[in-house]
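I opened the model to look up charged pairs, a helix packing and a surface patch. My entries follow.

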Amino acid sequence: MKTNEIRKKFLDFFGRQSHVIKDSFSLIPREDPTLLFISAGMAPFKPYFLGQKTDIKRAATCQKCFRTTDIENVGYTARHNTFFEMLGNFSFGDYFKEEAIAWAWEFITKELNLPKDLLHISIHKSDDEAGEIWKKKIGVPAERIVKLGDKDNFWTIGVGPSGPCSEIYIDQGEALSCGKPDCGVGCDCPRYLEFWNLVFTQYNRAEDGTLTPLEKKNIDTGMGLDRLSAIVQGKKDNFENDLFAGIISKAEELTSRKYSEGGKVKIALKVVADHSRALSFAIADGAMPGNEGRSYVLRKILRRASRFGYSYLGQEKPFLHQLIPTITQTMDAYPEVKKSLDHIQKVVSAEEERFLLTLKTGSEILSGFLGTLKNKGTPMLEGSKAFLLHDTYGFPLDLTREICREENIEVDEVAFNAELEKQRERGRANVVSAFASSTAVNPGDYPSTEFVGYEKFEIPAVILDVIEKSKDEVFIISDKTPFYATSGGQIGDTGKIIGSNGVFQVKATEKVDSVVVHKGAFIEGRLKKGENGKFSIDFENRRAIMRNHTATHLLHKALQNKLGEHVKQAGSLVSPDHLRFDFTHYEAITPETMVEIEKEINKNILANLPVEIIATSFQKAVDNGAMALFGEKYGDVVRMVSIGDYSKELCGGTHLKNSSEVGLFTLVSESSIASGVRRIEALTGANAYASFLDLRGNVEKLSHIIDCNSKNYLEKAEKLVSELKELKHEMDAMKKRELVETAQKSKSSGIKIKEITAFISRNDGITVDEMKSLSDELVGNHPKTLAVLAGGGEKASFVVKVSKDLVEKGFNAGAMIKQIAKIAGGGGGGKPEIASAGAKDPTKIDEALVFAKKLVEDLVQ
């Protein structure tokens, strides 16, 4: 029975039991940005288990899952996978143990025809109810029902819903037994393989561990599809089921290695197959390789797969991307992966290509370290060496750790972390923060500042404190403020605070915990603690910031529309002058696509879209389609910023009332700032218009320079460039003719040094490249021939060319030129056949050439 058939049988079976059959949710937990990935079938149903949603009473899914806890075990065992499918049926206060147990037994014994006499059951030691159901209702013999403790058979997340569980095992035979007398269900050996876990959520666990029965009890079951299909197909290894067999077969074809070889080759093929599949699904669902969070997990498994391919399958060039089409074919139950095929291949190929540059160098250096350790009999790699690989060569610690583990060598990670901390301290010492002095403010000394600046731009407020660090560095703290503090990439407000006896210029605003600090200097008189002041923001400055912030949301959405859903914010800066947006993407954006992005944004600016901001719960905002940023911590109430029906994001920043207020948007630059992260800078409003004025002025200046009308300057410029290219071509041809003529004349000036013909001459006024061409003409394919050429101007240049037969006899152009150029205060190098060098003192050229002749004479001896 094929895996696709098993999946369908499961969903059809529970459909007949009145379950709502749901498609798999995304691997990326859209409703909980604090999670890396969906790692269990029940995770997407959390709102139902908590009673927040009640429209479904029972459901069943085959859920895509991604687990990161055992990555280093993948490949070494029969059952560890990074990505897997989890079959699950769920009850939300509907049916309970009896139905869950009965349906589980019916499915595996009647639908899948697993032999009853090989099936064993575990229950929690206190769960007599489940034990009675298995014995009396199902008919499982008592000797095949085992009671286990909390570690194995009690599910809990700490405080909250929890309960006992019952697991179904299959006996894989004595051949897989550990041989211990007490070997049985619960043993760590592979003989008794657990494949279905039935969780009975019936208690609420208090902080002191007290269990109180829940009014509404739930069922949560989970069964790994890869493991189940291996059992049904009579395989002892997940990687030998029909889905993995196709992927591994393709990997064998690409690498010319066989799974049947066993050992490291078998492990490598399993790693490559598993990690490539995991990457395909995660990238299809919008994740990208990077340096943090789930992005780093993807980078880690890609590098691990690439390293195994390089070390044990002989793959020195990117090859993982070639597996993706096979993965989309074997996993055709998930059309979203096939739909993203081209995108996945580009991401994987680009990432692997970058990593292989690091891998070769790092592997060679680490191999040298390990060789030294083995010779000394030392079982541990020094942390300083692991850090050198990490810091200087970009070789990640997890790969160093795994390679060392293969050689039974540990890594001194304590020392590694100490080196890492030293580096961070050095970095912190070198960074001069604009807000560093605000650490003098102790937030515990003040109440939280009430921010009212979303709607009010000038308010009276009580000054709670005035801290004067120096004449130009003064802090004012108040009970409330309209000044937005730097947060979420948006720069803080500027403005004035006016009191009865003074005026304070606010140059920056920041927040220390919940206390807003107004930084600046007095421009008139003084303000005192306890007095009332008029707090007024610079509205034009704020308005410019709002233009750029609203435009940033438009940019984010346009990038997703034009490049793909994988685009996610990786950082931003919103200032009055410009905006900067960092985002996940694997390659440079073409000029044509940049134009399309700019057009889409300006189209939505002109569309006069209303900007609406509502306070709502996180759950409702996400259900409404709002984008949440991974890693951000959101409170019970969030602000959802909607720009018409075009863009919805969770955001605490300040925004315009309407998209048309942005005025104008123009992209200034696009660049790479890290592997898999791009940066765009842009202008809006008056600054965007000013950039167009500059551009128009430059066009008019260029038109004047090339003597044409500004309307046809491009045509005229193209014509001039074409003419210049023709002239250059003619000049190059003339130069070449002159070089040939020079070579012909020079051939008669060759001197004989024993059996060698040497051309040693000065050729002022020609470039190094031209000297190389001249040396090619002189030496050509002639045996026993060499040329030493020099040229002078502001500096000296040298070229040495040696015929192949002389190289074989020990002549080396690179070694020769180092000695010759040294006479004129220079140095250089190159290949044994040809080398070039520069030197500071052209007055020493003749002396250097005399030395060159003597050097050749010495070499001939």
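**Salt bridges**

I looked up Arg299 and found a salt bridge to Glu351, with the closest N and O atoms 2.5 Å apart. This pair links distant parts of the chain: Arg299 sits in helix α9 (residues 293–312) and Glu351 in helix α12 (residues 341–376), 52 residues apart. I note that the model is predicted: local features need pLDDT of at least 70, side-chain atom pairs count only at pLDDT 80 or more, and totals for chains, interfaces and linings use all residues. Residues are numbered from 1 along each chain as its sequence is written, and side-chain values use heavy atoms, with hydrogens and water left out.

My terms: a salt bridge is a side-chain nitrogen of Lys or Arg within 4 Å of a carboxyl oxygen of Asp or Glu. Helices are DSSP runs (H or I, at least four residues), numbered from the N terminus. Buried means under 20% relative accessible area, exposed over 50%, and partly exposed in between (1.4 Å probe, protein chains only).

Are Arg299 and Glu351 buried or exposed? Arg299 is buried, at a relative accessible area of 1%. Glu351 is buried too, at 3%.

Next I checked Arg304, which forms a salt bridge with Glu402; their closest N and O atoms are 2.6 Å apart. Arg304 lies in α9 and Glu402 in helix α14 (residues 397–406), so this pair ties together parts 98 residues apart in sequence. Both Arg304 and Glu402 are buried.

I then took Asp732 and Lys728, whose side chains meet in a salt bridge (3.1 Å, N to O). Both lie in helix α20 (residues 713–747), four residues apart, about one turn of the helix. Asp732 is partly exposed, at 41% relative accessibility.

I also logged a network of salt bridges linking Lys9, Arg16 and Glu111. My search of the whole structure gave 44 salt bridges.

**Buried serine**

I looked up Ser775 in helix α21 (residues 768–779). Ser775 has a relative accessible area of 0%, so I call it buried. Leaving out residues up to four places away in sequence, Ser775 touches Gly780, Ala787, Leu789, Val799, Lys801 and Ile834. Contact here means heavy atoms within 4.5 Å.

**Helix pair**

Which residues of α23 meet α24? I found Met816, Gln819 and Ile820 of α23 against residues of α24 including Ala848, Phe851 and Leu855.

**Leu693**

I finished with Leu693 in helix α19 (residues 685–705). Leu693 is partly exposed, with a relative accessible area of 36%.

How values were computed. Helix = DSSP H or I, 4+ residues; strand = E, 2+ residues; numbered from the N terminus.
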